Amino acid sequence: MEQTSIQKRNYVNFLEEPLEGQEITLVIKEGNKSVESLRKREKVTTSISTVITYILITFLALIMILPFYWMIITSLKTNTEIQAIEQTFFPSVVMWSNYVYVFQVFKFSTYMWNTIVVAIFSTLGTLITTIFAAFAFSRLNFKGREQLFAIFLMTMMIPGEMMVITNFITVSKLKGMNTYWAMIVPFLISVYYIYLLRQNFRQIPNELYYAAKVDGTSNFKYLMKIMIPIAMPTLITITILKLMGSWNAYVWPMMVTNKPEMRLITTGLRTGFSDSEGRSVQGRQMAAAFAVTAPLLIMFICLRKYIMRGVSRSGIKG
């Protein structure tokens, strides 16, 4: 018995201490499968899932890109080819004259100037009102603050179309037709942007505010030096979204303007490309639409990371 135990102990020591220069291969059996077979199966599964993912992403990308591509090729087609029954994915005759018409005959510069003025001042005004309102609702303690903010949130449930008639009557009585301020002032306040920035401000630790007050910092200086730099991704997001909204505005600018020299580019796209029979010349119209869309598309591509960061940003944990 003693000799048998010694042999078992020596066998165990031999397994735990392999000879020098000898390789040990670990084999794990799982359902009669070795490690190597399991590893190959994992590689195959990963490769298949990756291929399926890329195919799905490519399909969705084509769905998103197709309208832009169709707009571009339509802007380079003749009106006869556009109205043909059989559509082509590339123009048989490239009509660069459509873009020449847009920039020389069509009042593109006038419409673009009006759009830029309205978009810039509307965005700046919205930023100012949003920053101060969000700061008041997040940091200043005053009676009825939460109740007032709840009323603000309830106004988000009111459709914007219900405000059009009252705003139009107000602008008409104030003789604001065909003016820039009529297209800017009614939309300087956005409850959604105030809510978005207020939630971001509330993530900033209160200790920063108390420390700043101990040092004698005013509320305005604290807002400018601390809160705005911390919330900059959200502010950039608000700027981009508001600028795009003002750039694409159509219904309200058309209602408060009846002079061609005061209209925005969206209104010009709708009314400035008709032939003698009242039909839209779609090639020229698409050329102008692409000229208007290109700056927004470039801006979105360059600043898309700020939009995602501003919307999904969780703030600073104290």
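**Pockets, cores and ring pairs**

The lining of the second largest pocket splits into eleven nonpolar residues, four polar ones and no charged ones. Here Ala, Val, Leu, Ile, Met, Phe, Trp, Tyr, Cys and Pro count as nonpolar, Asp, Glu, Lys and Arg as charged, and the others, Gly among them, as polar. The model is a predicted one, so local features need pLDDT of at least 70 and side-chain atom pairs count only at pLDDT 80 or more, while totals for chains, interfaces and linings use all residues. Residues are numbered from 1 along each chain as its sequence is written, and side-chain values use heavy atoms, with hydrogens and water left out.

The second largest pocket holds about 300 Å³ of space. Of the 15 residues that line this pocket, Phe68, Asn248, Thr293, Leu296 and Leu297 sit closest to its centre. On a 1 Å grid over the protein atoms alone, a pocket is an open set of points where a 1.4 Å probe fits, with protein on both sides within 12 Å along at least five of seven lines; lining residues have an atom within 4 Å of a point. Grid points are joined across faces, edges and corners, and a volume is the space filled by probe spheres set on the points. Helices α2 (35-75), α12, α14 (265-271) and α15 (282-312) each bring at least two residues to the lining of the second largest pocket, and α15 has the largest share, with eight residues. A helix is a DSSP run (H or I, at least four residues), numbered from the N terminus.

The largest pocket has a volume of about 1000 Å³. It is lined by 31 residues, and those closest to its centre are Gly160, Met163, Pro186, Phe187 and Ile189. By class, that lining has 22 nonpolar, seven polar and two charged residues. Helix α12 turns up here too, and gives the most to the lining of the largest pocket, with four residues.

Next come the nonpolar cores. Such a core is a set of buried Ala, Val, Leu, Ile, Met, Phe, Trp, Tyr and Cys residues joined through side-chain atoms within 4.5 Å. Buried means under 20% relative accessible area, exposed over 50%, and partly exposed in between (1.4 Å probe, protein chains only). The largest nonpolar core has 20 residues, of which Val102, Phe106, Phe108, Ile265 and Val292 touch the most other members. Helices α4 (97-104), α5, α12, α14 and α15 each supply at least two residues of this core, with α15 giving the most, six residues. Leaving aside neighbours within four places in sequence, Val292 is in contact (heavy atoms within 4.5 Å) with Phe108, Met112, Trp247, Ile265 and Leu269.

As for aromatic rings, the count comes to 13 pairs. Rings of Phe, Tyr and Trp (its six-membered ring) pair if their centres lie within 6.5 Å; planes under 30 degrees apart count as stacked, over 60 as edge-to-face and the rest as tilted. Phe137 and Phe149 make a tilted pair, at 5.1 Å centre to centre with 55 degrees between the planes. Phe137 lies in helix α5 and Phe149 in helix α6 (residues 145-154), so this pair ties together parts that are twelve residues apart in sequence. Phe149 is buried, with a relative accessible area of 5%. Phe149 also pairs with Tyr195: the ring centres are 6.4 Å apart and the planes are at 20 degrees, so that pair is stacked. Tyr195 counts as partly exposed, at 34% relative accessibility. Ring pairs link Phe137, Phe142, Phe149, Phe152 and Tyr195 into a cluster.
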